[in-house]
Amino acid sequence: MQAVVFDMDGVLFDTEVVCMKAWMAVAEKNGLPDMETVFPRCIGLNSNDSRQIVREAYGEGFDYPAFRQEAAVWLQEYLRRNGLPIKPGVREILEWLKGSGYIVGLASSTRSSSVFTYLDRAGMREYFQTVVTGDMVEHSKPRPDIYLMACGRLGVEPGQAYAIEDSPNGIRSAHAAGMRPIMVPDMIAPDEEMRRLSVIIRKDLREVLCYLQQGKGNA
């Protein structure tokens with residue numbers, strides 16, 4: 001195995017739960033019902049694909065860009081007040097990979113401006129040889145495009161790369177790309193499909209690091 005490609009939200013940063021809070025707050029303010037069922041369907045998707053799901057729920061005339069902008073403002077204000085929540089084990093696994101010969105990339109459905117802002121705020125951009133974001137592809141996860149682009153930029157065959165993901169859409173994307181998905185669940189618990197598509201499922205990145213350090217990752 002030559003490379004590890006990380007998802008961002010829900011894997012590096014505990015931002016998916018904050019994003020859900022933002023969507024719920026804006027939905028409540030604007031009288032939108034059932035956001036608690038709409039939002040989970042959008043986890044792992046880029047803006048183009050999320051727009052389709054939200055408009056299916058609230059009508060083709062729904063002003064999705066305005067909704068996303070209001071939610072983004074809520075989210076940024078929350079992060080300004082509370083700081084960027086970093087997942088357990090992130091720095092440990094990135095440091096270990098840096099010294100272990102792995103090529104490391106990032107493939108996030110989030111737009112590039114947010115991705116680079118978060119990486120810079122956390123001081124993590126240097127760890128990634130390439131960063132691919134949701135606005136670089138027409139359709140993101142669960143389609144394989146974003147992971148295929150990441151592997152292409154890293155110069156590795158997908159079968160020689162792990163993808164570390166928290167969401168079902170991300171696992172589906174990595175599997176469709178021919179990678180070896182590792183699931184670290186966040187908001188959505190793994191089901192039988194996730195157990196079938198994932199190489200392993202671990203509680204957090206510290207457990208993933210142990211897996212790699214024990215040499216199981218090259219089995």
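In what order do the six strands of the open sheet run?

## Sheet

The order is β3-β2-β1-β4-β5-β6, and the pairing is parallel. The model is a predicted one. Two strands sit at the edges, β3 (130-133) and β6 (200-201), and each pairs on one side only. Strand β5 (residues 180-183) runs parallel to β6, joined by two bridges. I182 has I200 in β6 as its bridge partner.

## Helices on the sheet

Helix α6 (residues 112-122) packs on the sheet. Helix α6 touches β2 (103-108) and β3. The direction of α6 makes about 140° with that of β3.

Helix α10 (residues 205-213) also packs on the sheet. Its contacts are with β1 (3-6), β4 (161-165), β5 and β6. Relative to β4, the direction of α10 makes about 160°.

T130 lies in strand β3. Is T130 buried or exposed? Its relative accessibility is 7%, so T130 counts as buried. Beyond its neighbours within four places in sequence, T130 contacts V104, G105, L106, A150, R153 and L154.

## The α2/α3 pair

Helix α2 (residues 35-42) packs with helix α3 (residues 47-58) at an angle of about 160°. Their axes are 9 Å apart. Angles over 145 degrees count as roughly antiparallel, so α2 and α3 are roughly antiparallel to each other. The crossing of α2 past α3 is right-handed.

On the α2 side, the contact involves M35, V38, R41 and C42. On the α3 side, S50, I53, V54, E56, A57 and Y58 meet them. By class, this contact of α2 with α3 has seven nonpolar, one polar and two charged residues.

Key: Residues numbered from 1 in each chain as written. Predicted model: local features only at pLDDT ≥ 70, side-chain atom pairs only at ≥ 80, totals over all residues. Heavy atoms only, no water. Pairing = 2+ DSSP bridges. Helix = DSSP H or I, 4+ residues; strand = E, 2+ residues; numbered from the N terminus. Contact = heavy atoms within 4.5 Å. Axes fitted to C-alpha atoms, helices over the stretch in contact; angles between N-to-C directions. Buried < 20%, exposed > 50% of the residue type's maximum accessible area, 1.4 Å probe, protein only. Parallel < 35°, antiparallel > 145°, perpendicular 65-115°, else oblique. Left-handed = near helix turned anticlockwise from the far one by under 90°. Nonpolar A, V, L, I, M, F, W, Y, C, P; charged D, E, K, R; others polar.
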